[in-house]
Amino acid sequence: MAKEYKTLVFEDTVSGRKQMAADIDRLSNDGWEIKSKEVSRQGFSAGKTCCLGALFLPLALLGKKDNIITLIMERERVE
């Protein structure tokens, strides 16, 4: 049987994790299963880091972006 896949992307924050849990519950009721989950670091925002660093160098560390959670779901194709 053929499989179908769905890729979902969420921010690694409290609200992003709540949204991810709600989407997983909703999709699992339709027969979707988690195939893989990956957390990606996004690095630093150049503009924000430069501005904060110009004010006070240790503030440049606050220019970091939130991590991203990528979730791949799969299920048997429904025809």
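Two strands are said to pair if DSSP finds at least two bridges between them. With that convention in place, I turn to the structure above, which is a predicted model.

Three strands form an open sheet, in the order 1-3-2, and their pairing is antiparallel. Strand 1, residues 3-11, and strand 2, residues 33-40, are the edge strands, each pairing on one side only. On average, neighbouring strands of this sheet are turned by 15° against each other, with direction ignored.

Helix 1, spanning residues 14-28, packs on this sheet and touches strand 1, strand 2 and strand 3. The direction of helix 1 makes about 160° with that of strand 1.

Next, the pairing of strand 1 with strand 3. These two strands run antiparallel and are joined by nine bridges. Within strand 1, Lys3 stands opposite Glu76 of strand 3.

Is Glu74 buried or exposed? Its relative accessible area is 13%, and Glu74 therefore counts as buried, the cut-off being under 20%.

Which residues does Glu74 touch, leaving aside those up to four places away in sequence? They are Lys3, Glu4, Tyr5, Gly31, Trp32, Glu33 and Lys35. For Tyr5, there is a further detail: its side chain and that of Glu74 are joined by a polar contact of 3.3 Å.

Conventions:
Residues are numbered from 1 along each chain as its sequence is written. This is a predicted model: local features need pLDDT of at least 70, side-chain atom pairs count only at pLDDT 80 or more; totals for chains, interfaces and linings use all residues. Side-chain values use heavy atoms; hydrogens and water are left out. Buried means under 20% relative accessible area, exposed over 50%, partly exposed in between (1.4 Å probe, protein chains only). A polar contact is a pair of N or O atoms within 3.5 Å; within protein, one must be able to donate a hydrogen and the other to accept it, and residues adjacent in sequence count only if both atoms are side-chain atoms. Contact means heavy atoms within 4.5 Å. Helices (H or I, at least four residues) and strands (E, at least two) are DSSP runs, numbered from the N terminus. Axes are lines fitted to C-alpha atoms, for helices over the stretch in contact, and angles run from 0 to 180 degrees between N-to-C directions.
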